[in-house]
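Dear colleague,

I am passing on the structure that we talked about, and I would be glad if you could look it over.

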Amino acid sequence: MEYRVLVADDEPLALKSVCLIIEQRCENYKIAATAENGQEALQKIREYVPDLVICDIKMPLLSGVELAAIIRKEFPEICFIIVSGYQDFEYAQSAIRSGVTDYLLKPIVPSALLNSLEHAAVKIRKIHYTECNRILWTIGNGKKADMQKLKRYIPYRQYYGAILRTNGLPRRFAMDKTREIYSDINEQFLIFGRDEMEALYLIPKKLLSERDFLRYMEKIQKQRKEPDYYTLIYDSRPFSVNELQEKIRKMYQELDLRSSVGITQCVNLAEPLEISGQQARELRELEENIMMELEAAARTKKAGRIRSEIRKGYSALEKYRPSQLWMENFTREIMAVMRQNGLSRISVPESEYLLSDAFFYAVSVKMLTDSLMDIFLNFQREELEEGKADSQEYFDKIEHYLKLNLGKPIMLMELCHQFGISQPYMSRLFRKYSGNSFSQHLTELRMNRAKELFREKPDSFIKDVAAMVGYEDQFYFSRLFRSYTGKSPSEFLKEIADEEESIDLLS
């Protein structure tokens with residue numbers, strides 16, 4: 001990717017010299033504009049918004065330091081290299097303190113300029129990476145991104161797009177902080193996940209043909225593991241950066257409409273979708289019949305009959321493959337009936353959290369029904385579980401079990417069976433004693449263990465450490481590691497090496 005440079009100097013020869021070096025020896029830089037005084041530079045910076053400004057420290061109308069101070073407030077992402085004469089050394093130091101990236105002494109030596117540009121490129125690349133991720137977060141969370149920034153920081157002009165969601169939709173009522181997932185700075189595909197179960201792929205058309213893109217979609221589908229299900233929404237037609245926001249919005253919208261508990265689906269937006277009006281009418285009629293039978297059962301307050309009607313209802317709905325969002329609304333209707341008949345003492349905010357968790361972890365309608373049953377009829381289950389499990393000591397046993405098995409696949413329902421606790425109750429324990437959901441806490445334990453392993457054996461391969469904490473996919477592990485630590489595994493290992501080198505120098 002080319003970075004845009006503005007060069008400002010009131011000496012024509014010096015200006016021409018800097019431009020010539022950049023044009024002839026710097027493939028990743030492009031001259032966006034030049035200026036011969038500070039005021040002209042300010043005007044053109046506002047017009048072109050370059051990535052880097054190289055300017056003389058003393059210019060007519062506006063000095064380089066004054067220019068840097070103004071631009072720092074308006075465009076903090078723009079990097080500055082100040083050029084100074086020997087007699088202006090202290091002036092240049094004040095510029096450094098003002099936030100400029102580097103300074104060069106006149107007369108400019110080509111090698112010194114090249115070194116400075118190389119140093120600036122590292123910083124600019126990180127800025128582009130951060131801004132690109134910020135744009136993806138904005139779009140991914142249903143907000144509108146600034147079009148000028150989008151064109152500036154999204155590196156390629158045309159993309160293919162896809163969203164892969166494993167299991168249920170993101171929890172909308174979770175009380176723990178969701179950690180977004182981003183592609184590594186060195187990856188050419190742009191990847192964003194609203195949580196660790198999701199990946200939005202933006203794949204440059206320049207890198208893959210349509211045929212190769214479809215093959216890549218097939219490869220993604222084959223990576224699924226039982227008992228998980230997934231929803232893959234993609235568009236085999238490439239689209240421009242101008243269309244990017246609308247295309248992503250449509251993919252997320254389709255994900256919401258299509259995601260159905262336990263059903264693996266692959267939807268290409270380039271192909272026409274058939275919607276059956278007859279099926280929708282049958283589903284509405286079925287819902288009305290289920291609710292009528294359930295209300296009658298609830299009035300009897302007989303748990304056995306209520307359970308039977310709930311199971312029959314969800315089983316009958318399963319063949320219609322209703323969307324998760326439809327099922328969530330249906331479930332809230334049942335919850336309201338339970339409350340009206342005094343069968344559930346759970347508050348509305350608490351029930352929303354538990355329902356959201358149940359849909360998030362369920363990999364089949366049967367598993368979902370089992371979890372919901374304990375929420376609907378919590379007055380019975382709570383009496384069985386409250387005394388034996390609600391303690392820090394008991395939760396410590398659960399956490400100890402997780403730590404012993406970090407290298408293995410761990411499902412929430414397996415953990416529930418291991419300790420004889422229902423899924424809703426287990427979710428409550430994690431929220432109460434760890435402050436996080438089960439999945440967040442498990443990932444946190446795995447990342448902490450990974451950091452320990454890197455410190456114990458800094459010469460380890462990243463893929464080996466990933467496997468030791470339960471991840472077969474090294475790249476997925478690396479994205480998670482960055483999300484939890486703020487550093488990639490490579491950066492973390494370099495930090496360890498630097499620390500050891502500093503200790504060696506002191507000893």
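Predicted model: local features only at pLDDT ≥ 70, side-chain atom pairs only at ≥ 80, totals over all residues.

Residues are numbered from 1 along each chain as its sequence is written, and side-chain values use heavy atoms, with hydrogens and water left out.

The structure holds 22 aromatic pairs (rings of Phe, Tyr and Trp, the last by its six-membered ring, with centres within 6.5 Å; planes under 30 degrees apart are stacked, over 60 edge-to-face, the rest tilted). One of them joins Y3 and Y29 edge-to-face, at 5.9 Å centre to centre and 65 degrees between the planes. Both Y3 and Y29 are buried (under 20% relative accessible area, where exposed is over 50% and partly exposed in between, with a 1.4 Å probe and protein chains only).

The rings of Y401 and F419 have centres 5.8 Å apart and planes at 90 degrees, so this pair is edge-to-face too. Y401 is partly exposed at 26%, whereas F419, at 17%, counts as buried.

Ring pairs also link F360, Y361, F395, F430, Y433 and F438 into a cluster. The charged end of R171 sits over the ring of F360, 3.9 Å from its centre (NZ of Lys or CZ of Arg within 6 Å of the ring centre and within 35 degrees of the ring normal).

Finally, W137 is partly exposed, at 29% relative accessibility.

Best regards
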